[in-house]
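Trainee: I would like to learn how to read the packing of helices and the surroundings of a ligand. Could you take me through a case slowly?

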Amino acid sequence: MKALSIPDVLAEVAVLVKPHFGKGRPADYIPSLAAVPGSKFGMAVRTVDGGEHVIGDADEGFSVQSITKVFALGLALNRIGDEIWTRVGKEPSGTPFNHLSLLEAEDGVPRNPFINAGAMAVVDVLMKVTKDPAALVRDFAGFLCGERLEIDPTVAASELANAWQNRAIASLMRGQGTIEHDPEAVVAAYCRQCALTMSCRQLARAFLPLAAGGFSPVAQETIFPERLTRRLNALLLTCGIYDSVGNFAYRVGLPAKSGVGGGVVAVIPGKATVAVWSPELDRFGTSVVGTAALEAFSQITNCSVL
Ligand code: GLN
């Protein structure tokens, strides 16, 4: 990274992103996400050597949604291992995160663990080891950031009430044998998992093992073997931003995961994690301001892995 201090970089990024507000729209498929003001903006940087810097609404909790899929996959690979890869692929989908079209053409095997189909297959695998996979994911993320986390019951209930597309995906996968449990139970667990509330600061801490070779400086424990850490980062780089992952890699050049709550977390291997939140989304479901902020951060600090 260049000589500018991280607080200086964050202050500069906050100015550079200003023209990007108003270009996207907050998720509107459930009322509690639609109600979040589009003007929110927070960013947190956590370095592997213990530095922590925040700006804006970095301590405000928001619905992290698909970002939870990274915790769920990490847990499943740790607990169950490579069996996951008999049910889910490792390729970018090129289609929106909630689509079924490829799934039907490809024998019910989702392209990757970060589209909804793949994430539900991971939930199904976690159901082998626990009755409440969402609580396991919540507690794992909480352990990684050193704080107790909550699942928002209102978000979880309205996710479930509106989960028609996800029900179709789960049913199709049950029919094809990709998932073993009752599709309705899988969808309910998935919706609860997505309703996890975290702040940028908590996300930056929780993702730190992916920047530190698998070790969590927060939990003071090795979370993932080094090889698995590299593999998780590879999946984030190629599949973490759905069907705009190529554009994101072009602009930002870092492994990252987005969620429809407007959060995006990026990993700078060996150095730091950067979490950003701003609710207005592009048509692919990723934060417009969040992407612009990470692009600016990556350019100013020259931290792209590419
Ligand atoms: N709950 C959302 C869904 O299943 C999560 C998707 C996302 O964050 N991209 O549609």
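Predicted model: local features only at pLDDT ≥ 70, side-chain atom pairs only at ≥ 80, totals over all residues.

Trainee: How are two packed helices described?

Mentor: Two packed helices are described by the angle between their axes and the distance between those axes. Here, helix H3 (residues 68-79) and helix H5 (residues 116-126) have axes that come within 10 Å and cross at roughly 40°. H3 and H5 are therefore oblique to each other, and their crossing is left-handed.

Trainee: Which residues of H3 and H5 make the contact?

Mentor: On H3 the contact is made by Lys69, Ala72, Leu73, Leu75 and Ala76, and on H5 by Asn116, Ala119, Val122 and Leu126. Sorted by class, this contact has 7 nonpolar, 1 polar and 1 charged residues.

Trainee: At what angle do the axes of H3 and H12 cross?

Mentor: The axes of H3 and helix H12 (residues 226-239) cross at roughly 145° and come within 12 Å, and the crossing is right-handed. Val70, Leu73, Gly74, Leu77 and Asn78 of H3 meet Leu228, Leu232, Leu235 and Leu236 of H12, a contact that divides into 7 nonpolar, 2 polar and no charged residues.

Trainee: Which residues are around the ligand?

Mentor: Among them are Tyr29, Asn116, Glu159 and Tyr190, and Asn116 also belongs to the H5 side of the contact with H3. A polar side-chain atom of Tyr29 lies 3.1 Å from a nitrogen atom of the ligand, while one of Glu159 lies 2.8 Å from a ligand nitrogen atom. For Tyr190, a polar side-chain atom lies 2.7 Å from an oxygen atom of the ligand.

Key. Residues numbered from 1 in each chain as written. Heavy atoms only, no water. Axes fitted to C-alpha atoms, helices over the stretch in contact; angles between N-to-C directions. Helix = DSSP H or I, 4+ residues; strand = E, 2+ residues; numbered from the N terminus. Parallel < 35°, antiparallel > 145°, perpendicular 65-115°, else oblique. Left-handed = near helix turned anticlockwise from the far one by under 90°. Contact = heavy atoms within 4.5 Å. Nonpolar A, V, L, I, M, F, W, Y, C, P; charged D, E, K, R; others polar. Near = heavy atom within 4 Å. Polar contact = N/O pair within 3.5 Å; in protein donor to acceptor, adjacent residues only side chain to side chain.
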